[in-house]
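Open the model in your viewer and keep the selection panel handy.

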Amino acid sequence: MAVYTEVTDEELNDFIGSYDVGRLLSFKGIAEGVENSNFLVHTDKASYILTLYEKRVNPDDLPYFLNLLQHLAAKGLSCPTPVPSRDGELLGTLAGRPAALVTFLDGMWVKRPKVDHCAELGRAMAELHLDGADYDGFRKNALDVSGWRPLFDQCGERSDTVHPGLGAEIASELDHVEKVWPRDLPGGVIHADLFPDNVFFLGNELSGLIDFYFACNDAFAYDIAICLNAWCFEQDMSFNVTKAKALLKGYAAVRPLSEAEYNALPTLCRGAALRFLLTRLYDWLSVPEGALVTPKDPLEYLKKLRFHQSISSTQAYGLER
Ligand SMILES: Nc1ncnc2c1ncn2[C@@H]1O[C@H](COP(=O)(O)OP(=O)(O)O)[C@@H](O)[C@H]1O
Ligand SMILES: N[C@@H](CCOP(=O)(O)O)C(=O)O
C-alpha cells in the first residue's frame, strides 16, 4: 500500500516507547500494498513493521490475525511475529487506529515468478494449511461467495464507467457461481491473498509469507485457486500450465489433493477471479482523497475470469492430479 493515516513524531515516540524494542532510529511509510498503512521502523535493536489497520479490516478480527501469526510462527512457518507491548498486548492504538508491531522478514517479492517459485509457493501454502489445523480461532471468510453480491451492489451502475457492459457481465457470473459453488470441500485456515507481493524469496528459496489480513477459515482448494490466478498468468494474460503444474505438484507433495478438490478447481478459479475483480472494482471507484495508494487494475481479473469461463474441467487446464 499505502499510507492512509499520517502519524506525528510525538504519537510515534509514545507508541514505540510502550514496547521493549530499543531506541527509535528511523521511521518511514511504505508505498507498497493497498489495504493498511505500513511503516518501516528501525530501532537500535532491530527492524519492525508497524501496521495501522484501515477500512476493510474489522477490528474484531484483529485478535484472529495476530494470534494466528503467533501460532504459525511457533510451528516454524516463516511469517511476521507480533511483538507484545510492555503490557503484554499484541494490539495497540496509534493515530486513532488499531495498530500492531511485527517482526521484519528478510527477502524480496518476485515480480515475474518462474516455475520454481510456483513450486516453492505450492509447498509453503500446503505447510500453512497443515500448520493452521490446530489453530483454535475461527473467522468466516467475509469475502466468500456470499460476500460478492453485496460488494457488487455497492459498485452498482458505476461499474460500467470502468468498462462498458461490466455490470451485466459480473451479474451473470455471480448468478452462475452462486449456483454451482462447492460447499463441502476440506478446509481450515487459508491465507486468501497469497499474491506474489505477499511471498518473499531470498534467491530462489522462499523466505517468508506476509500479509495475513484476509486469512480466514475456508476451503483449502480455494487458496490454491487464488494462487493459480495470481501466479500462473503471463503478462499477456495467457495461462502458463507449466507454472500451474509446478504449483499443484509442490502443494500435493506436502498435502495431497482429494478428487473433489481437484475437480472443483475450475469453479474455484472463476470465483477467485470474480472476488478480486470485485474488490479491485470497488477500490477503483472509492480511492480516498489524499491517500498514497495506487489502486490495482480490475480489468486484469476480468480477463482472467473470461479465461476460466472457457475451461470446463481441471484436465482442460492441462493439469493432472
Ligand atoms: N513483516 C514484514 N517484513 C518485511 N516487510 C514487510 C513486512 N510486512 C510488510 N512489509 C512490507 O510492506 C509492504 C506492504 O505490506 P502488506 O502487508 O502487503 O500491506 P497491505 O496489507 O496494505 O497490502 C510489503 O510489500 C513489504 O514491502
Ligand atoms: N492482492 C489483492 C489486493 C490486496 O493487496 P495486498 O497488497 O494486501 O496483497 C489484489 O491484487 O487485488
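Start with ligand 2. The shell around ligand 2 takes at least three residues from each of domain 1 (9-103) and domain 2 (115-317). These bounds come from an automatic or database domain assignment. The model is predicted: local features need pLDDT of at least 70, side-chain atom pairs count only at pLDDT 80 or more, and totals for chains, interfaces and linings use all residues. Residues are numbered from 1 along each chain as its sequence is written, while chains are lettered from A and ligands numbered from 1 in the order in which they are written.

**Stop 1: the shell**

Select G33, V34, E35, D193, F195, D197, N198, D211, F276, T279, R280 and K296, the residues around ligand 2. A residue belongs here if its C-beta atom, placed from the backbone, lies within 6 Å of the ligand. Colour the shell by class: three residues are nonpolar, three polar and six charged. Ala, Val, Leu, Ile, Met, Phe, Trp, Tyr, Cys and Pro count as nonpolar; Asp, Glu, Lys and Arg as charged; the others, Gly among them, as polar.

**Stop 2: the two domains**

Now colour domain 1 (9-103) and domain 2 (115-317) separately. Their C-alpha centres lie 26 Å apart. Where do they touch? Across the boundary, 20 residues of domain 1 are in contact with 21 residues of domain 2. Contact here means C-beta atoms, placed from the backbone, within 7 Å. Select helix α2 (residues 62-74): with seven residues, helix α2 gives the most to the side of domain 1 that touches domain 2. That side of domain 1 has 11 nonpolar, five polar and four charged residues. Helices (H or I, at least four residues) are DSSP runs, numbered from the N terminus.

**Stop 3: α9 and α10**

Show helix α10 (residues 298-309) beside α9; the axes come within 8 Å and cross at roughly 160°. That makes α9 roughly antiparallel to α10 (angles over 145 degrees; under 35 is roughly parallel, 65 to 115 roughly perpendicular, the rest oblique). Axes are lines fitted to C-alpha atoms, for helices over the stretch in contact, and angles run from 0 to 180 degrees between N-to-C directions. The contact includes F276, R280 and W284 of α9, and P298, Y301 and L305 of α10. By class, this contact has 12 nonpolar, two polar and three charged residues.

**Stop 4: α6 and α9**

Select E173, V177 and V180 of α6, then T267, R270, G271 and L274 of α9, to see the contact. Its residues divide into three nonpolar, two polar and two charged.

**Stop 5: α3 and α7**

Which angle do helix α3 (residues 115-131) and helix α7 (residues 220-231) make? They pack at about 155°, and their axes are 11 Å apart. So α3 is roughly antiparallel to α7. Pick C118, L121, M125 and H129 on α3, and F220, D223, C227 and W231 on α7. Six residues of this contact are nonpolar, one is polar and one is charged.

Methods: Two residues are in contact if their C-beta atoms, placed from the backbone, lie within 7 Å. Helices (H or I, at least four residues) and strands (E, at least two) are DSSP runs, numbered from the N terminus.
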